[in-house]
Amino acid sequence: DDPSDGNPEHTLRLTLWQQGRTGIPIIDASMRCLHKTGSLHPTLRRLSADFFCHVLNLPRREGEIWFARQLTDFDAAINQSNWRLAASRHTCPDIAAAAHKTDPDGTFVRRHIPELAHLPAAIIHTPWRATGSIDTHGYPAHPVAGIP
């Protein structure tokens, strides 16, 4: 079964999120970490779920299933509860503000997105906002969801 019902935009957003290529460094670092290690800090799990449900506007159940497949510490009740909570929120937190609070100097992003390791802390979480052209070494120049 294809939950996207053949919608190519849905499939693209889902795939970019799973691969850590949305153009939002904290989300992409989180997804790459999850895929590589099978683990992710609860704050980053929550932020990734909020982004999935409210920015990408994808069905909670698809994110829930993806996390279940990736997590080495998977607990069905906790995973389901976290995803239900993310989907029930009325708004998504400010991703950039959450990124600066969670990873102030960009250490986590640098570890999981080597394409951005050379960027200073002031722009590592929002490289699309940088003035002038910066080399992101193939990392998406703009967020998939069109975040300003």
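## Reading the fold

Analyst: Begin with the radius of gyration. This is a predicted model. A compact globule of 148 residues would have a radius of gyration near 15 Å, and the protein chain has 15 Å, so the two agree. Along the principal axes, the C-alpha atoms fill a box of roughly 45 × 30 × 30 Å.

User: How many helices and how many strands are there in the protein chain?

Analyst: The protein chain has seven helices and zero strands. Read from the N terminus, the order of elements is α-α-α-α-α-α-α.

User: What percentage of the residues in the protein chain is buried?

Analyst: Buried means under 20% relative accessible area. In the protein chain, 47% of the 148 residues are buried. The protein chain exposes about 7,700 Å², and 54% of that area comes from carbon and sulfur atoms.

User: What share of the contacts with a separation of 6 or more joins residues 24 or more positions apart?

Analyst: In the protein chain, that share is 61%.

User: At what angle do helix 3 and helix 6 pack?

Analyst: An angle over 145 degrees counts as roughly antiparallel. Helix 3, residues 42-55, and helix 6, residues 95-102, pack at about 170°, and their axes lie 12 Å apart. Helix 3 is therefore roughly antiparallel to helix 6.

User: Which residues meet there, in helix 3 and helix 6?

Analyst: Helix 3 brings Thr43, Leu44, Leu47 and Phe51, which meet Ile95, Ala98 and Thr102 of helix 6. Sorted by class, this contact between helix 3 and helix 6 holds five nonpolar residues, two polar ones and no charged ones.

Key:
Residues are numbered from 1 along each chain as its sequence is written. This is a predicted model: local features need pLDDT of at least 70, side-chain atom pairs count only at pLDDT 80 or more; totals for chains, interfaces and linings use all residues. Side-chain values use heavy atoms; hydrogens and water are left out. Axes are lines fitted to C-alpha atoms, for helices over the stretch in contact, and angles run from 0 to 180 degrees between N-to-C directions. Helices (H or I, at least four residues) and strands (E, at least two) are DSSP runs, numbered from the N terminus. Angles under 35 degrees count as roughly parallel, over 145 as roughly antiparallel, 65 to 115 as roughly perpendicular and the rest as oblique. Contact means heavy atoms within 4.5 Å. Ala, Val, Leu, Ile, Met, Phe, Trp, Tyr, Cys and Pro count as nonpolar, Asp, Glu, Lys and Arg as charged, and the others, Gly among them, as polar. The radius of gyration is taken over C-alpha atoms; the globule rule is 2.2 Å times the number of residues to the power 0.38. Buried means under 20% relative accessible area, exposed over 50%, partly exposed in between (1.4 Å probe, protein chains only). Accessible areas come from the Shrake-Rupley method with a 1.4 Å probe; for residues, only the protein chains shown count as cover.
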